[in-house]
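Trainee: I am new to this structure and would like to go through it slowly, one question at a time. Could we look at it together?

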Amino acid sequence: MPVEITWWGHATCTVEDANTRVLTDPLFARRLAHLRRRRGEVPPAEAWRADVALVSHLHADHLHVPSLARLAPGTRLLVPRGAPRAVPGLRRLAHLVMSEVAPGDEVAVGGVRVRVVPARHDGRRLPLGPHHSPALGYVVEGEARTYFAGDTGLFASMAEEVGDVDVALLPVGGWGPYLGEGHLDAGRAAEALAQLGPRSAVPVHYGTFWPIGMDAVRPHEFYAPGEEFVRLAAERAPSVAVHRLGHGESVRPEVAR
């Protein structure tokens, strides 16, 4: 079966490749601290099924312990090196097979190989604790090569570090009215696309969560990034097919043969 990508909202995706289900940054919540889910239903139990779950960094909207607890016993879990020290709740997930990873590591799971690559993002478990872990991206290599960027800013060696990929899952927004350093907005994501040169791309990390009580504050930052990314990608990387998915929607992007 060709690779299939399902976007569940925020940075949570299922990548099905080589009969292996890979889940990115699982977040199965209607509310997280001061954030609430404004668009899309909470992912159904189908989304909890995975052979391996990838966690890109320690921020609570990417490393969400209650969501990880829903994964089936024996599920592999890859987390940034040092994460259990910074997030003690991870130590309670004894039903998962957890590995701490850093850029340069490779892990074989089922029919895929997961290659760990750098990201440029704050690796702390904010707002508490001094411990740092690396922010990561991942390349899932099976019948296709799919890059999950996690959260990252642009950096000079991105294309070199990531390598040749068929599909790029790129963050194009955030969960609040302003993006700080270490993030891609629609324009920077389109520039990343031009540098990476995949065959296909799926925008993620937008249009899902928003701070409670701030519905009227810069609402275009919530709704617009996906459409803006499609427009800018057509200008800067016209050879890339961009698939803007709705929550729970899937696509089987074209890959090189």
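**Sheets, a helix and some single residues**

Mentor: In this predicted model, 7 strands make up an open sheet with mixed pairing, and their order is β8-β7-β6-β3-β2-β1-β17.

Trainee: Which strands stand at the edges of that sheet?

Mentor: A strand at an edge has a single partner strand, so one side of it is left without a neighbour in the sheet.

Trainee: In which sense do β7 and β8 pair, parallel or antiparallel?

Mentor: In general, strands of a sheet pair through backbone hydrogen bonds, in either a parallel or an antiparallel manner. Strand β7, which covers residues 76-80, is joined to β8 over 5 bridges, and Arg76 stands opposite Val97 in β8. The sense of the pairing between β7 and β8 is parallel.

Trainee: There is another open sheet of 7 strands; what is the order of its strands?

Mentor: The pairing in this sheet is mixed, and the order is β9-β10-β11-β12-β13-β14-β16. Because β9 (106-109) and β16 each have a single partner strand, one side of each lacks a neighbour in the sheet, and the strands at the edges are therefore β9 and β16.

Trainee: What angle does the direction of α4 make with that of β13?

Mentor: Helix α4 packs on the sheet, where it touches β12, β13, β14 and β16, and its direction makes with that of β13 an angle of about 155°.
Within the sheet, β12 and β13 pair in the parallel sense over 3 bridges, and the residue of β13 that Tyr147 stands opposite is Ala168.

Trainee: Which residues of α4 are buried, and which residue caps its N-terminal end?

Mentor: Helix α4 spans residues 186-196, and its buried residues are Ala186, Gly187, Ala189, Ala190, Ala192, Leu193 and Leu196. These buried residues pack against several elements, including α3 (158-162) and α6 (225-236). As for the cap, a side-chain oxygen lies 3.2 Å from the backbone nitrogen of Gly187, and it belongs to Asp185.

Trainee: How many residues does α4 give to the largest nonpolar core?

Mentor: The largest nonpolar core has 54 residues, and those with the most contacts inside it are Tyr138, Tyr147, Leu170, Leu193 and Phe229. Helix α4 gives the most to this core, and its share is 6 residues.

Trainee: How many residues are in the other core?

Mentor: This other core lies apart from the largest one, and Trp8, Ala53, Val55 and Ala83 are among its residues, which number 20.

Trainee: Is Ser133 buried or exposed?

Mentor: Ser133 sits in the loop between β10 (112-118) and β11 (136-141), and its side chain reaches the backbone nitrogen of Ala83 at 3.4 Å. Its relative accessible area is 6%, and since buried means under 20%, Ser133 is buried.

Trainee: Ala33 and His205 both have a positive phi; which of these residues is buried and which is exposed?

Mentor: Most residues other than glycine have a negative phi. Phi is about 50° for Ala33, in the loop between β4 (31-32) and β5, and near 60° for His205, in the loop between β14 and β15 (209-211). With relative accessible areas of 60% for Ala33 and 2% for His205, the exposed residue is Ala33 and the buried one is His205.

Key: Residues are numbered from 1 along each chain as its sequence is written. This is a predicted model: local features need pLDDT of at least 70, side-chain atom pairs count only at pLDDT 80 or more; totals for chains, interfaces and linings use all residues. Side-chain values use heavy atoms; hydrogens and water are left out. Buried means under 20% relative accessible area, exposed over 50%, partly exposed in between (1.4 Å probe, protein chains only). Helices (H or I, at least four residues) and strands (E, at least two) are DSSP runs, numbered from the N terminus. Contact means heavy atoms within 4.5 Å. A polar contact is a pair of N or O atoms within 3.5 Å; within protein, one must be able to donate a hydrogen and the other to accept it, and residues adjacent in sequence count only if both atoms are side-chain atoms. Two strands pair if DSSP finds at least two bridges between them. Axes are lines fitted to C-alpha atoms, for helices over the stretch in contact, and angles run from 0 to 180 degrees between N-to-C directions. A nonpolar core is a set of buried Ala, Val, Leu, Ile, Met, Phe, Trp, Tyr and Cys residues joined through side-chain atoms within 4.5 Å.
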